[in-house]
Amino acid sequence: MKSLSQEHRKFHPQSEFVANAKIQGMEAYKEEYEKSIEDPQAYWETVADELHWFSKWDQVLDSSKAPYYNWFVNGKTNISYNCLDRNVNAGKGDKVAFHWEGEPGDSKSLTYSELLESVCLFANVLKSFGVQKGDRIALYLPMIPELVVAVLACARIGAVHTVIFAGFSSDSIQDRIIDSKARMVITADGGYRRGKILELKKIVDEGIENCPTISEVLVVKRGGDTSIDCPMQSDRDFWYEERAESCDADCPAVPLDSEDLLFLLYTSGTTGKPKGIMHSTGGYQVFSYATSKYVFDLNDNDMYWCTADVGWITGHTYIIYGILQNGASQLIYEGAPNFPDPGRFWNLIEQYKVSIFYTAPTAIRAFMKWGDNWLEGKDLSSLRLLGSVGEPINPEAWMWYHEKVGSEKCPIVDTWWQTETGGHLLTPLPGAIPTKPGSATVPFFGIEPLILTEEGAETDVGILAIKNPWPGMLRGIYGDPELYEATYWSKWGGRYYFPGDGARIDEDGYYWILGRVDDVVNVSGHRIGTAELESIFVEHSSIAEAAVIGIKHEIKGQGLLAFITAIEGKKVDEALKVELVQLVDKKIGKFARPERIVFASDLPKTRSGKIMRRLLRSIAEGQELGNITTLSDPSIVDEIQNQFKNI
Ligand code: PRX
């Protein structure tokens, strides 16, 4: 694999693209960027003015309680209003908000008026249970229209949604519900994935066994008449469709304070348990709107498609809030990219005439592996812009995407951001910034990145930092202000935001993300904390110690490797490995399974007892180990190395 630093190719947007783009050319970007940095508050105020506010803010930014920043102070707004009513009132009622296609091939389209009506009806169903502003509602749904509708319905009445990706296990559901003290779960009887039915309601039932805060489970019928087995508990579980029969579709959006909590989204970090990232209403609304508008250069006749799941931040910002606020049309697809065969995505692009396609490097690498023949003969000429998100994209994958999918004419926006940032921070603007394969290029308006040493000195290769606050930034970790301050603001004494990524800047001022600098591993774009996995392994009665590391993986970007020591006298065999994998499935979900589990009689440690994960990584990747004499027991290195030689 070519290293990112050797990459010097540069691709300019085609003149036809530039001619119609919102920001045309580098000079136009620079001018706007400089304005946004000289006076960020004036910049963000101009953007916010494009949206609807029940009443305007008194102050754009209040930094007096940093790192707790308040944006659009005392402004009153509603993001569901900005996604729906605002567009309908502007004459877009009959425009398609989204076409939806289920994995089995069923489909549905909703206009902005129809979506507004569905959201109001759903919101009234929530209200019929007494759901109020500030209540936390957990969503565990497949990628069906009701997921979008339920999210917007919560936002409409000020209930706080916490979407749980439908690949998470029942234990993960439990953890998130206990932490957020959610009062209701919205789920479905099932969902489709690679031709199989996932019985989601049953997973919820297990997950909420010990969750006393849950008083209702609202169940959407995904299966239609093909009854998916879905046991209902009479005093607790309600079919959405039945409940909706007695509700009407008139539900005005509630004016919310700019800093009212909009949603919680749990993400993994360096501690043993996921943290509830808090996003509030006004700032997130403005940031998701602005980044969608400029990064995807959305036009009235675009058909946008983001392949992420709404269970992750990408789906929140760039399927729901940012895209709908811009009044764009999009495609939403329920299922797997290779069902019934690896041509599915290309068929969908052809069928729905997708013009903007936003996906992850993992998917691109999987398509490369499945073979170009799946694209041959497919009409992808509707595409005009491509995007990448979630992990560093290697130049080979970038070039394949550029040549095979984009026919060498579509700009590629490689967007760097995080659950915490709410939206894009580093990204090309497609009509303005020439791209380089593997670089997320330059900062978005109002964003000032820095590359620093551990000590806080500026450097070319080091740790990424963000200097100024921005409207879409997280507002905290739910219930844990100390962790918020320690995780994001303690590295350089509270001066800068610390995202946890390494980066370098090149001679053109382009940023290259080099991966995480903490113990978070990015597997297929999913963040997994190694500490979280380690604590799961040591819960097993046979296990004494565990060290989990991330290693390079051809398709997934990174894979997980677990080094395990058993308690003396416990049997170490294949059966134990299977049990450990099952434990990961149960505690998190199948997507967090390690690639390999390696048993060792001990783990390499310093004399003070610290596990040397870096050494384990070097062993796994076959690199030079350097001086190991400082280990408490250097012989353990031979033992582990031998295991690798035997593969
Ligand atoms: O390491 C960076 C990587 O994904 C992390 C954020 O993960 P998450 O909160 O799950 O959000 C994923 C979707 C935005 C970052 O800290 N990452 C994300 N986008 C890129 C990336 N790494 C390199 N290039 C990107 N474009």
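## Helix H19 and its surroundings

Gly622 follows helix H19 in this predicted model. The phi of Gly622 is positive, near 65°.

H19 spans residues 613-620. Its buried residues are Arg613, Leu615, Leu616, Ser618 and Ile619. An α-helix has 3.6 residues a turn, so residues three or four places apart point the same way.

H6 supplies the largest share, five residues.

Lining residues include Lys108, Leu110, Glu114, Glu117 and Ser118. Leu121, Phe122, Pro145, Glu146 and Val149 also line this pocket, as do Tyr240 and Ala249. By class, seven of the lining residues are nonpolar, four are charged and one is polar.

## The cavity

Rolling a probe the size of a water molecule over the atoms shows where empty space is left. The structure holds one cavity of 30 Å³ or more. The volume of the largest cavity is about 40 Å³.

Val163, Ile164, Phe165, Phe168 and Arg176 are among the residues lining the largest cavity. Leu265, Tyr266, Gly311 and Trp312 line it too. This lining has seven nonpolar residues, one polar and one charged.

Key
Residues numbered from 1 in each chain as written. Predicted model: local features only at pLDDT ≥ 70, side-chain atom pairs only at ≥ 80, totals over all residues. Heavy atoms only, no water. 1 Å grid on protein atoms, 1.4 Å probe; cavity = no way out; pocket = protein on both sides within 12 Å on 5 of 7 lines; lining within 4 Å. Helix = DSSP H or I, 4+ residues; strand = E, 2+ residues; numbered from the N terminus. Nonpolar A, V, L, I, M, F, W, Y, C, P; charged D, E, K, R; others polar. Points joined across faces, edges and corners; volume = space filled by probe spheres on them. Buried < 20%, exposed > 50% of the residue type's maximum accessible area, 1.4 Å probe, protein only.
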